[in-house]
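Morning, everyone. Please look at the screen while I talk you through one protein.

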Amino acid sequence: MLAPNLFATNAGPAGASPRIAALCFDPLPLYLTQRADPALAQAALVCVEEQRVLHASAAAHRLGITPGMRLSGARMRVEGLRVVEVHEPEVAHAWDVLLRELHAVTPWLEEGGRPGGVRGRVFLQLDDDEARALAAHYGARVGVAEAREIAELAALSSRPGGVRTVAPGEEAAFLARLPLRFLKGVGVSGKNLTRLHWLGLTTVGELARWSASQLRSYLGEEGEALLPYLHGPYRTRLRPRRPPEVLRRTLALEEPAREPHQLLPALERLALALERGLAGRAAHRLTLTADLAAPRPRVPHPGTNRPGTTHPGVPRLTATRLTATRLSKRPLAHARQIRQQALFALRDSGAAEAGAGIERLTLELAAPRRLGLQSGLWQAREQRQRALEATLERFPAALVRLVWRDPYAEADDLAWGWERLTAADAAGPASPPSAHPGAAPPPPAGEHRRLVRATAVPLFSGPPPSGPPQDSGPPQDSTPQGDTPPPPFRGPARDDAPPAPRLPSPAPPLLSPLPEDPDAPAHAPRPRHLARPATGPGELAGDHT
């Protein structure tokens, strides 16, 4: 049994009715087909996916066609079966248009889908009279109740174009007489439904007596999804919906265009206008709408029996509107991409081959969003390089940089100066090698670096010898015979401490400095040589300052 305190007390809009109406349009492809052609309302229609029936209309169900049946078997069972082609971009566009129409009725609207993410259900906060008007206008199944979950079950049990109302306080009685098969619309599979029938359950009220643990253990994930419908808590208020942004541009032609090449300039103008409207954003779904010009009725010539001709003062008949939607894998952000998809949509709509002239073209981009771009590893450097190249291309003599000449000069014009940047400088670092007065000046371009002979240096070595360099002969041990180095300090001596181990005497370094260059000037600074270990005999390593 349902307790009255299970209903939530969410705050809603001031002065609004607490009644919630659930509108079921599923299966949405079949509903859109029957709405476009009312003559198919009583026909047997099926939606097919991978040669199997995905959805079937009420007339097809009465003839024995069920979802999951092979298409070949369905054709053998029903003569003249109509197969509805499903195009996801067109279905998504039609669903967005339907939501915009319902949003004009009330902003308290929530979109709900069947399990698996299939579109087709919507919840609105309305009174009973408004719900009946919507049911008659759209021909959908409508349920009205205090709670969102009860209204959805009431809509599933109603007929197309009808309204089932659950009065306040009668939720338990409604569930007690609701057949168990209607739970298939909220996620219960046919297999679990058969298992429940084996236990003797026939109504939803009998299943509502089970505890939450029993539902989870017997039905698994489907039992978890059933808890809001059977045990609550129920939602009695809806959140207002903010419709997604739609970027739309329309162009009215002076004369109806009947040739495809006449539409290329119009599509180019619309694509450029949409690119400016995007302002760095992008969209994936484009919709083209073409309004065809209906021919004017012919006016016969007075006093003659010849066929009449059209007259500018005679109004045209009702125009025809053709629509096509394209879903692009690549984000539509530039005019050339938008124009390409618009040409594809124009071909899909068949407006150019219809024979009648096109008076108005409309392009729509649904839900444009800012793209999330992954920056490069050196994004700041790349941006600075592009800015330098763009500036130098337009103003070749505009960029200058500071160059230090003599940081110890007393006159400013001798200490530093301005140097103009060129295209070659823009490709390298923008700052000079020495940008502060304390840095040492780089060596002249014509000066050769002196090389040193490098060998391995031991880890523990004493100070280098101060005598003249020895270039020939093997290195000699500089430690006198019989003299051993003092042992390392290991703390205060103890009687029971073992004797300290004798360490080998350290060898002198094997790196011999080269003699000074007699031709070098006296004021030239002597570079510091950093030797690296040689990988082979006779290898030379350059000095690195």
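One definition to start: a residue is buried under 20% relative accessible area, and exposed over 50%. Keep those two cut-offs in mind. And note that this is a predicted model.

Now the overall picture. The protein has 545 residues, and 32% of them are buried. Its secondary structure comes to 16 helices and 17 strands. The accessible surface is about 35100 Å². Carbon and sulfur atoms hold 55% of that surface. What about contacts? Take those with a separation of 6 or more: 64% of them link residues 24 or more positions apart.

Let's go to helix 8. Find residues 190-198. Which residues of helix 8 are buried? They are Asn-192, Leu-193 and Leu-196. Why do they sit on the same side of helix 8? Because they cover an arc of only 105° around the axis. Turn to the other side of helix 8, and you find Lys-191 and Trp-198, both exposed. So what covers the buried residues of helix 8? The cover includes helix 9, at 204-208, helix 10, at 212-219, and helix 11, at 221-230. Then look at what follows helix 8: Gly-200, with a positive phi near 90°.

That brings us to the backbone. As a rule, most residues other than glycine have a negative phi, and most peptide bonds are trans. Here come some exceptions.

Start with Gln-51. Its phi is positive, about 60°, and it is not a glycine. Where is Gln-51? In the loop between strand 2, residues 45-49, and strand 3, residues 52-56. Next, Ala-279. This residue is not glycine either, yet its phi is positive, near 55°. Ala-279 sits in the loop between helix 12, which is 260-278, and strand 10, which is 281-292.

Now the peptide bonds. Asp-26 and Pro-27 are joined by a cis bond, with omega about -5°. Look for Pro-27 in the loop between strand 1, at 20-24, and helix 1, at 28-36. A cis bond also joins Gly-232 and Pro-233, and there omega is about 0°. Pro-233 is in the loop between helix 11 and strand 9, residues 246-257.

On to the cysteines. How many disulfides are there, if two cysteine sulfur atoms must lie within 2.5 Å? The count is zero. Cys-24 has a relative accessible area of 3%, so it counts as buried. Cys-47 is at 1%, so it is buried too.

Last stop, the surface. Which residues make the nonpolar patch of about 380 Å²? Val-400, Leu-402, Trp-416 and Trp-418. Two elements give two or more residues to the patch: strand 14, at 400-404, and strand 15, at 416-420. Pick out Trp-418, in strand 15. Is Trp-418 buried or exposed? Its relative accessibility is 57%, so Trp-418 counts as exposed. Compare that with the cut-off I gave you: exposed means over 50%.

Look at helix 8, with Asn-192, Leu-193 and Leu-196 buried. Look at the cis bond between Gly-232 and Pro-233. And look at the nonpolar patch that includes Trp-418. Thanks, everyone.

Key. Residues numbered from 1 in each chain as written. Predicted model: local features only at pLDDT ≥ 70, side-chain atom pairs only at ≥ 80, totals over all residues. Heavy atoms only, no water. Buried < 20%, exposed > 50% of the residue type's maximum accessible area, 1.4 Å probe, protein only. Helix = DSSP H or I, 4+ residues; strand = E, 2+ residues; numbered from the N terminus. Arc of directions from axis to C-beta. Contact = heavy atoms within 4.5 Å. Disulfide = S-S within 2.5 Å. Patch = residues over 30% accessible without salt bridge, like charges linked within 9 Å, V, L, I, M, F, W, Y side chains within 5 Å. Areas by Shrake-Rupley, 256 points an atom, 1.4 Å probe, with all protein chains shown as cover. Salt bridge = Lys/Arg side-chain N within 4 Å of Asp/Glu carboxyl O.
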